[in-house]
Structure formats: C-alpha cells, structure tokens
Amino acid sequence: MYSVLKSYGLNGLNGFAVAVEADVSGGLPAFSLVGLPDSAVRESGDRVRSAVKNLGYKWPDRHITVNLAPADIRKSGPVYDLPLLLAVLASSGQMEEPPTDAAFLGELALDGSLRPVSGVLPMALAAAADGIRSLYVPAENAAEAAEAGGDAMQVYPARTAREVVDALRGLVPLSPAAPIPFDPASGWNAAPDFADVMGQPLARRAMAVSYTHLRARRAMVLAAAGGHNVLLIGAPGTGKSMLAKRLPGILPPLTREEAVETTKIYSIAGQLPKGRGLISARPFRSPHHSASAAALAGGGTTFRPGECSLADCGVLFLDELPEFSRDSLEVLRQPLEDGQITVSRAAGSATYPSRFQLVAAMN
C-alpha cells in the first residue's frame with residue numbers, strides 16, 4: 001500500500017514543502033529511507049520503529065520504502081519523525097491517510113512523545129502560504145507556529161503521536177493554539193537605557209548621534225553617510241560595555257515585520273525560548289573576541305545563522321576589537337554594506353538578513 005502526506009523543511013531562512021511518501025510491499029522485512037536525508041533523518045527509522053511499538057501499533061513485517069520529495073534538496077534534522085510515523089501507519093492500513101491540506105512537524109521520543117524542533121516559524125509561514133489548513137506540531141512549538149496561522153490555518157499542539165492519530169481519526173479532537181498578542185512595548189520597556197548612566201556626556205551624545213544617522217539611513221537611503229556605527233575608546237572600567245548594552249534601550253520598538261524576521265532567525269538557530277511567540281526586544285549580541293569567522297557569518301552542514309544574523313534588527317557589540325582575528329573582521333564587510341550575509345558551502349548557500357548597528361570598543 002502507498003500513502004503520502006505533507007511536511008516541511010528549511011532552506012536557509014525559508015521553509016519548503018516536503019512530501020513524505022511511504023510504500024509497504026512484499027519481500028523481506030526492511031526499512032529504506034531515500035530522498036537525500038542527512039544522518040539525523042536516517043536515524044529517524046529507529047526512533048519511529050520504537051515509537052510505533054510503544055504506542056501499541058504494529059510495525060509492518062514487510063519491505064517499507066519512504067521517500068522525501070523533492071529528492072534533490074538535502075533534508076536535515078529530526079522534524080520528519082512524526083510525518084514518517086503517520087505515513088507508515090497509513091500505508092500499512094492501521095489508519096486512514098491524513099487530509100491533503102494537513103501538514104506535520106515534530107521529533108519523536110522512543111515512547112511516542114513529541115519533542116520540539118528548530119525552525120518551526122519559517123516552516124509554518126511556508127505552510128500557510130501553500131494553503132495548508134491544519135498544522136500539527138509539538139506542544140512547545142505551538143506558540144511560534146500560531147504566529148503564522150490565523151483564520152486560514154489552524155495550528156494544533158500535541159504532546160504525543162497518539163494524540164495526533166486520535167485527532168485524525170476523530171476520536172479525541174485537539175484544540176487549536178491561539179497566537180500570543182504581540183506587544184513591542186514589553187521588550188522595549190524592559191531594556192536598560194541611558195537613564196541609568198550618570199555622566200559620560202560625550203559618549204552618550206555619540207550614541208544619540210549614531211541613532212539619528214541610523215534612522216536617517218533607513219528613511220532617506222543615506223547609506224553613504226555611515227554614521228550609525230560607533231567605536232568607543234577608553235581605559236578599562238570607563239563604562240564602554242555598559243553604554244553599549246544600553247543602546248538597544250533607545251532604539252525604537254520592533255515592528256511586527258522586524259519581530260517576525262528576528263524570530264525566524266532565532267527559531268532556525270535553536271535559540272528561541274520554548275513556548276513563546278514573537279521576540280519583542282531588539283537583539284544584543286556580544287561574541288567573544290576568540291569567535292571565528294564561521295561563528296560570526298554562520299554556516300555548517302545545516303547553514304545555521306551566525307552572530308551577524310542573530311544581531312539583525314539590533315546591536316552587534318565587539319568588545320576588545322583589536323583581539324578579533326582579521327578573518328573575523330573581514331566577515332563584517334558584506335552585512336555592513338548590504339544588510340545581509342550569504343553563507344556558501346559545497347552543499348549550497350543560504351542568505352540571511354544582517355541589518356545591525358555595530359558598536360566596537362577598545363582600550
């Protein structure tokens with residue numbers, strides 16, 4: 001028997017649709033997973049097999065072939081565990097095939113419970129754009145996924161795979177998750193600002209001038225002015241780091257579009273706190289001077305965003321600037337000029353937004 005259902009993967013900052021096809025046929029018992037999976041996806045077969053048995057279902061004693069289409073894009077991460085389990089159950093006749101307008105995301109534990117995964121928000125946005133009406137995700141990812149929902153798409157949180165199966169069979173319906181109201185003032189008011197700083201009039205004025213130039217560059221496209229970055233020079237203990245940490249407090253609150261962009265980056269990086277919606281505070285990133293060029297730019301086999309992208313819509317603070325390597329400082333050229341950074345590797349490339357305000361300090 002053959003079954004197919006929908007899931008989603010990540011390609012840089014954007015999600016893309018993945019068709020999980022399962023075919024159970026005669027022959028010696030075996031499990032074959034194709035479709036350019038990485039090691040984490042290939043290991044999903046063992047997780048799914050244990051979860052199926054521990055949930056009380058029967059693992060088919062036949063030849064099982066699973067294909068993740070399109071086959072020319074590498075699939076990474078454990079996000080396909082849940083759709084793979086459902087595809088096996090449907091193709092073996094233990095449940096009906098899910099609706100074509102439903103999609104599934106989630107990692108499985110061996111007992112069948114669902115664990116959160118990274119990058120749910122961009123995948124949920126892609127699902128909503130593709131006309132998906134029902135999206136099933138782990139409960140801890142429901143808050144961010146609900147930001148992509150609305151009237152057109154319902155997001156259903158589940159703690160176990162059995163809850164998803166029972167909901168699809170109409171036995172125990174799941175309640176859709178509601179988005180958390182976005183309040184930019186909550187993050188803006190919580191950030192420290194210059195009201196805490198006594199003295200330092202010259203440094204405070206430098207920060208204010210930097211902020212004015214930043215707004216002018218965005219409003220009137222005066223990129224050539226370049227007055228939005230700050231270099232603080234002073235003896236240790238004069239308050240350079242203190243002033244830099246308070247710069248986000250005088251920047252305007254995040255707009256919803258900026259919050260969605262920032263949250264997507266943190267979701268892909270796996271640094272979004274579980275159970276929360278959109279980020280409401282401007283990021284402040286302060287990498288150590290030993291950080292490599294790859295740590296600043298991002299990359300790896302899964303193209304994770306680096307510090308330049310994690311500081312998007314916020315502040316990137318480089319303390320002890322002369323201690324950074326030349327390669328690390330050269331990485332800053334593209335994001336400072338273009339507002340984005342492209343990570344190229346043998347397996348492909350990914351482009352992330354990197355519009356930040358650079359603040360550096362040195363003795």
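## Aromatic pairs

Four aromatic pairs turn up in this structure, which is a predicted model. One of them is F104 with Y136, a stacked pair whose ring centres sit 5.1 Å apart, with 15° between the planes. F104 belongs to strand β5 (residues 102-104) and Y136 to strand β8 (residues 134-138), so this pair ties together parts that are 32 residues apart in sequence. Both F104 and Y136 are buried.

Y136 has another ring partner, Y156. Here the centres are 5.1 Å apart and the planes make an angle of 20°, so this pair is stacked too. Y156 is in strand β9 (residues 154-158), while Y136 is in β8, so the pair links parts that are 20 residues apart in sequence.

## The largest nonpolar core

In soluble globular proteins, nonpolar side chains tend to be buried together. In this model, the largest nonpolar core has 61 residues. Which of them touch the most other members? Those are L85, L86 and L135. As for where the core comes from, helix α3 (residues 81-91) gives the largest share, with eight residues.

Take L86 and skip its neighbours within four places in sequence: what is L86 in contact with? The list is L5, M95, F104, V164, V165 and L168. A separate core of 25 residues lies apart from the largest one, and its members include L296, L310, F324 and F356.

If you step along the backbone, stop at A69 and P70: the peptide bond between them is cis, with omega at about 10°. P70 itself is in the loop that runs between β4 (63-69) and α3.

L36 is not a glycine, yet its phi is positive, at about 60°. You will find L36 in the loop between β3 (30-34) and α1 (39-42), where its relative accessibility is 36%, so L36 counts as partly exposed. The other is C313, also a residue other than glycine, with a positive phi near 70°. C313 sits in the loop between α12 (307-310) and β14 (315-318). Is C313 buried or exposed? Its relative accessibility is 2%, so C313 counts as buried.

G93 is in the loop between α3 and β5. With a relative accessible area of 53%, G93 is exposed. How far is G93 from S3? In sequence the two are 90 residues apart, but in space the C-alpha to C-alpha distance is 9.6 Å.

How values were computed:
Residues numbered from 1 in each chain as written. Predicted model: local features only at pLDDT ≥ 70, side-chain atom pairs only at ≥ 80, totals over all residues. Heavy atoms only, no water. Core = buried A, V, L, I, M, F, W, Y, C linked by side-chain atoms within 4.5 Å. Buried < 20%, exposed > 50% of the residue type's maximum accessible area, 1.4 Å probe, protein only. Helix = DSSP H or I, 4+ residues; strand = E, 2+ residues; numbered from the N terminus. Contact = heavy atoms within 4.5 Å. Phe/Tyr/Trp six-rings, centres within 6.5 Å; stacked < 30°, edge-to-face > 60°.
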